[in-house]
Amino acid sequence: MSALATAFGQQNGEPSRTARARTRAGAAWRQTRPVLLVALPVLLIAAALGCAGAAWRTMADNRAIAGLQAGRDIPVGTGAPAGLLLARVQHLAVRGRTEEIEPLIDALDRRGETDKAARARYALANARLRQAFGHLERGELDPAGPLVTLARQDYRRALQGRPDYWDAKFNLDVASRLLREYPDFDRKTGDELKAEPKKIWTDIPGQPRGEP
(Lines give C-alpha, C1' and ligand atoms only; values in the text may rest on other atoms or scores of the structure.)
Protein backbone atom coordinates (compact mmCIF):
# COMPACT_ATOMS: atom_id res chain seq x y z
CA MET A 1 0.00 0.00 0.00
CA SER A 2 2.78 2.40 0.89
CA ALA A 3 4.61 1.94 -2.39
CA LEU A 4 1.36 2.29 -4.28
CA ALA A 5 0.48 5.44 -2.36
CA THR A 6 3.88 6.99 -3.07
CA ALA A 7 3.66 6.17 -6.73
CA PHE A 8 0.11 7.51 -6.84
CA GLY A 9 1.16 10.69 -5.10
CA GLN A 10 4.01 11.29 -7.55
CA GLN A 11 1.73 10.64 -10.48
CA ASN A 12 -0.64 13.26 -9.12
CA GLY A 13 2.10 15.93 -8.87
CA GLU A 14 3.24 15.51 -5.25
CA PRO A 15 6.89 16.79 -5.15
CA SER A 16 9.61 14.35 -4.07
CA ARG A 17 11.90 14.95 -1.09
CA THR A 18 14.72 15.95 -3.47
CA ALA A 19 12.56 18.50 -5.17
CA ARG A 20 11.49 19.99 -1.83
CA ALA A 21 15.12 20.20 -0.70
CA ARG A 22 16.08 21.96 -3.90
CA THR A 23 13.26 24.42 -3.41
CA ARG A 24 14.35 25.22 0.16
CA ALA A 25 18.00 25.63 -0.92
CA GLY A 26 17.00 27.99 -3.68
CA ALA A 27 14.95 30.07 -1.28
CA ALA A 28 17.82 30.22 1.21
CA TRP A 29 20.26 31.32 -1.50
CA ARG A 30 17.92 34.07 -2.63
CA GLN A 31 17.72 35.32 0.95
CA THR A 32 21.47 35.22 1.69
CA ARG A 33 22.74 36.39 -1.69
CA PRO A 34 22.25 40.12 -1.03
CA VAL A 35 24.03 39.79 2.34
CA LEU A 36 26.96 37.96 0.74
CA LEU A 37 27.25 40.54 -2.03
CA VAL A 38 27.60 43.24 0.63
CA ALA A 39 29.82 41.28 3.04
CA LEU A 40 32.29 39.83 0.53
CA PRO A 41 33.90 43.15 -0.46
CA VAL A 42 34.15 44.09 3.22
CA LEU A 43 35.89 40.81 4.00
CA LEU A 44 38.29 41.25 1.11
CA ILE A 45 39.15 44.79 2.21
CA ALA A 46 39.70 43.60 5.80
CA ALA A 47 42.01 40.82 4.59
CA ALA A 48 43.99 43.27 2.45
CA LEU A 49 44.33 45.68 5.36
CA GLY A 50 45.49 42.82 7.60
CA CYS A 51 48.17 41.81 5.11
CA ALA A 52 49.28 45.42 4.72
CA GLY A 53 49.44 45.86 8.49
CA ALA A 54 51.53 42.70 8.90
CA ALA A 55 53.90 43.86 6.17
CA TRP A 56 54.24 47.28 7.83
CA ARG A 57 54.99 45.71 11.21
CA THR A 58 57.62 43.47 9.65
CA MET A 59 59.27 46.47 7.99
CA ALA A 60 59.18 48.41 11.27
CA ASP A 61 60.74 45.47 13.14
CA ASN A 62 63.47 45.15 10.53
CA ARG A 63 64.24 48.87 10.80
CA ALA A 64 64.46 48.56 14.59
CA ILE A 65 66.80 45.55 14.30
CA ALA A 66 69.00 47.45 11.86
CA GLY A 67 69.02 50.44 14.20
CA LEU A 68 70.07 48.33 17.18
CA GLN A 69 72.81 46.70 15.15
CA ALA A 70 73.99 50.18 14.15
CA GLY A 71 74.27 51.15 17.82
CA ARG A 72 71.07 53.14 18.33
CA ASP A 73 69.45 52.61 21.74
CA ILE A 74 65.95 51.57 20.68
CA PRO A 75 63.67 50.43 23.54
CA VAL A 76 62.10 47.00 23.04
CA GLY A 77 59.37 45.46 25.19
CA THR A 78 59.06 41.79 26.11
CA GLY A 79 56.14 41.46 23.70
CA ALA A 80 58.28 42.28 20.66
CA PRO A 81 59.02 39.64 17.99
CA ALA A 82 61.77 37.15 18.79
CA GLY A 83 64.24 38.55 16.27
CA LEU A 84 63.86 42.03 17.72
CA LEU A 85 64.28 40.72 21.27
CA LEU A 86 67.53 39.01 20.28
CA ALA A 87 68.83 42.17 18.61
CA ARG A 88 68.06 44.16 21.76
CA VAL A 89 69.84 41.57 23.95
CA GLN A 90 72.92 41.74 21.75
CA HIS A 91 72.86 45.54 21.81
CA LEU A 92 72.66 45.59 25.61
CA ALA A 93 75.28 42.86 26.03
CA VAL A 94 77.91 44.75 24.04
CA ARG A 95 77.36 47.72 26.34
CA GLY A 96 77.48 45.69 29.55
CA ARG A 97 73.86 46.42 30.52
CA THR A 98 73.33 42.89 31.75
CA GLU A 99 70.64 43.75 34.30
CA GLU A 100 68.24 44.62 31.45
CA ILE A 101 68.76 41.37 29.54
CA GLU A 102 67.21 38.65 31.71
CA PRO A 103 63.53 39.69 31.16
CA LEU A 104 64.06 39.60 27.40
CA ILE A 105 65.59 36.12 27.54
CA ASP A 106 62.73 34.94 29.76
CA ALA A 107 60.31 36.15 27.08
CA LEU A 108 62.15 34.10 24.46
CA ASP A 109 62.06 31.05 26.74
CA ARG A 110 58.31 31.38 27.30
CA ARG A 111 57.70 31.38 23.55
CA GLY A 112 59.85 28.31 22.98
CA GLU A 113 62.35 30.26 20.84
CA THR A 114 65.14 27.80 21.67
CA ASP A 115 67.69 28.94 19.10
CA LYS A 116 67.30 32.66 19.75
CA ALA A 117 67.26 32.14 23.51
CA ALA A 118 70.55 30.22 23.24
CA ARG A 119 72.12 33.02 21.20
CA ALA A 120 70.84 35.57 23.72
CA ARG A 121 72.33 33.64 26.65
CA TYR A 122 75.62 33.39 24.77
CA ALA A 123 75.62 37.19 24.38
CA LEU A 124 74.83 37.65 28.08
CA ALA A 125 77.59 35.23 29.09
CA ASN A 126 80.10 37.10 26.93
CA ALA A 127 79.08 40.38 28.55
CA ARG A 128 79.62 38.95 32.02
CA LEU A 129 82.94 37.45 31.05
CA ARG A 130 84.07 40.81 29.65
CA GLN A 131 83.14 42.44 32.94
CA ALA A 132 85.05 39.76 34.84
CA PHE A 133 88.17 40.41 32.77
CA GLY A 134 87.83 44.11 33.41
CA HIS A 135 87.91 43.46 37.15
CA LEU A 136 90.84 41.06 36.81
CA GLU A 137 92.88 43.57 34.85
CA ARG A 138 92.38 46.02 37.72
CA GLY A 139 93.28 43.36 40.30
CA GLU A 140 89.72 43.19 41.65
CA LEU A 141 89.33 39.53 42.49
CA ASP A 142 86.17 39.62 44.60
CA PRO A 143 83.72 40.94 41.95
CA ALA A 144 85.30 38.90 39.14
CA GLY A 145 84.57 35.46 40.62
CA PRO A 146 80.75 35.66 40.64
CA LEU A 147 80.73 37.05 37.10
CA VAL A 148 82.79 34.12 35.81
CA THR A 149 80.46 31.69 37.58
CA LEU A 150 77.38 33.35 36.06
CA ALA A 151 79.01 33.35 32.62
CA ARG A 152 79.68 29.62 32.88
CA GLN A 153 76.03 29.02 33.81
CA ASP A 154 74.83 31.04 30.83
CA TYR A 155 77.14 29.21 28.44
CA ARG A 156 75.81 25.90 29.73
CA ARG A 157 72.21 27.01 29.30
CA ALA A 158 72.99 28.17 25.78
CA LEU A 159 74.41 24.73 25.04
CA GLN A 160 71.29 23.07 26.42
CA GLY A 161 69.33 24.84 23.71
CA ARG A 162 71.97 24.39 21.02
CA PRO A 163 74.33 21.48 21.79
CA ASP A 164 76.27 22.19 18.58
CA TYR A 165 76.98 25.84 19.53
CA TRP A 166 80.76 25.76 19.08
CA ASP A 167 81.45 29.32 20.23
CA ALA A 168 79.57 28.68 23.47
CA LYS A 169 81.59 25.49 24.02
CA PHE A 170 84.85 27.36 23.41
CA ASN A 171 83.97 30.23 25.73
CA LEU A 172 82.73 27.83 28.41
CA ASP A 173 86.18 26.29 28.33
CA VAL A 174 87.73 29.76 28.66
CA ALA A 175 85.57 30.49 31.72
CA SER A 176 86.49 27.12 33.22
CA ARG A 177 90.18 27.85 32.63
CA LEU A 178 89.74 31.11 34.50
CA LEU A 179 88.49 29.27 37.56
CA ARG A 180 91.51 27.01 37.37
CA GLU A 181 93.82 30.00 36.88
CA TYR A 182 92.33 31.78 39.90
CA PRO A 183 91.64 29.25 42.66
CA ASP A 184 91.28 32.17 45.07
CA PHE A 185 87.94 33.22 43.55
CA ASP A 186 86.21 31.85 46.62
CA ARG A 187 88.33 33.95 48.96
CA LYS A 188 87.22 37.28 50.35
CA THR A 189 90.65 38.90 50.22
CA GLY A 190 92.05 40.22 46.97
CA ASP A 191 95.69 39.29 46.66
CA GLU A 192 97.65 40.57 43.70
CA LEU A 193 96.87 38.46 40.63
CA LYS A 194 99.69 36.78 38.79
CA ALA A 195 97.95 35.46 35.67
CA GLU A 196 97.55 37.41 32.44
CA PRO A 197 93.82 37.82 31.80
CA LYS A 198 94.37 39.70 28.55
CA LYS A 199 96.10 36.69 27.07
CA ILE A 200 93.16 34.44 27.88
CA TRP A 201 90.62 37.04 26.73
CA THR A 202 92.07 37.24 23.24
CA ASP A 203 91.19 33.56 22.76
CA ILE A 204 87.46 34.26 22.87
CA PRO A 205 86.10 34.25 19.29
CA GLY A 206 84.25 37.24 17.92
CA GLN A 207 85.21 39.65 20.70
CA PRO A 208 85.01 42.50 20.98
CA ARG A 209 83.77 42.68 17.40
CA GLY A 210 81.39 40.29 15.69
CA GLU A 211 78.35 38.60 17.14
CA PRO A 212 77.92 39.38 20.87
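Reader: What is the relative accessible area of Arg63?

Author: Arg63 has a relative accessible area of 47%, so it counts as partly exposed. Buried means under 20%, exposed over 50%, and partly exposed lies in between (1.4 Å probe, protein chains only). One caution: this model is predicted, local features need pLDDT of at least 70, side-chain atom pairs count only at pLDDT 80 or more, and totals for chains, interfaces and linings use all residues. Residues are numbered from 1 along each chain as its sequence is written, and side-chain values use heavy atoms, with hydrogens and water left out.

Reader: Where does Arg63 lie?

Author: Arg63 belongs to helix H2. Ala64 is buried, because its relative accessibility is 13%. Between Ala64 and Ala87 the C-alpha distance is 8.7 Å, with 23 residues of sequence separation.

Reader: Which residues does Ala64 touch, not counting residues up to four places away in sequence?

Author: They are Ile74 and Leu84. Contact means heavy atoms within 4.5 Å.

Reader: How many helices and strands are in the protein chain?

Author: The protein chain has 8 helices and 0 strands. Read from the N terminus, the order is α-α-α-α-α-α-α-α. Both kinds are DSSP runs, numbered from the N terminus: helices (H or I) need at least four residues, strands (E) at least two. Of the 212 residues in the protein chain, 33% are buried. Take the contacts with a separation of 6 or more: 56% of them join residues 24 or more positions apart.

Reader: How do I read a nonpolar core?

Author: In soluble globular proteins, nonpolar side chains tend to be buried together. Here the largest nonpolar core has 23 residues, and Leu84, Leu85, Val89 and Ile101 touch the most other members. At least two residues come from each of helix H2 (17-69), helix H3 (82-94), H4 and H5. H3 gives the most, with 8 residues. A core is a set of buried Ala, Val, Leu, Ile, Met, Phe, Trp, Tyr and Cys residues joined through side-chain atoms within 4.5 Å.

Reader: Which residues is Val89 in contact with, leaving aside its neighbours within four places in sequence?

Author: Val89 contacts Ile101, Leu104, Ile105, Ala120 and Ala123. There is also a second, separate core of 22 residues, including Leu129, Ala144, Leu159 and Leu178.

Reader: What about Arg88: buried or exposed?

Author: Arg88 is buried, because its relative accessible area is 7%. Its place is in helix H3. Beyond four places in sequence, Arg88 touches Leu68, Asp73, Ile74, Pro75, Val76, Arg97, Glu100 and Leu104.

Reader: How do I read two packed helices?

Author: Use the angle between their axes and the distance between the axes. Take helix H4 (residues 102-110) and helix H5 (residues 114-137): their axes come within 9 Å and cross at roughly 160°. H4 and H5 are therefore roughly antiparallel to each other. Angles over 145 degrees count as roughly antiparallel, under 35 as roughly parallel, 65 to 115 as roughly perpendicular, the rest as oblique.

Reader: Which residues make the contact of H4 and H5?

Author: H4 uses Glu102, Ile105, Asp106, Leu108 and Asp109. H5 uses Lys116, Ala117, Ala120, Arg121, Leu124 and Arg128. The contact holds 5 nonpolar, no polar and 6 charged residues. Asp, Glu, Lys and Arg count as charged; Ala, Val, Leu, Ile, Met, Phe, Trp, Tyr, Cys and Pro as nonpolar; the others, Gly among them, as polar.

Key. Axes are lines fitted to C-alpha atoms, for helices over the stretch in contact, and angles run from 0 to 180 degrees between N-to-C directions.
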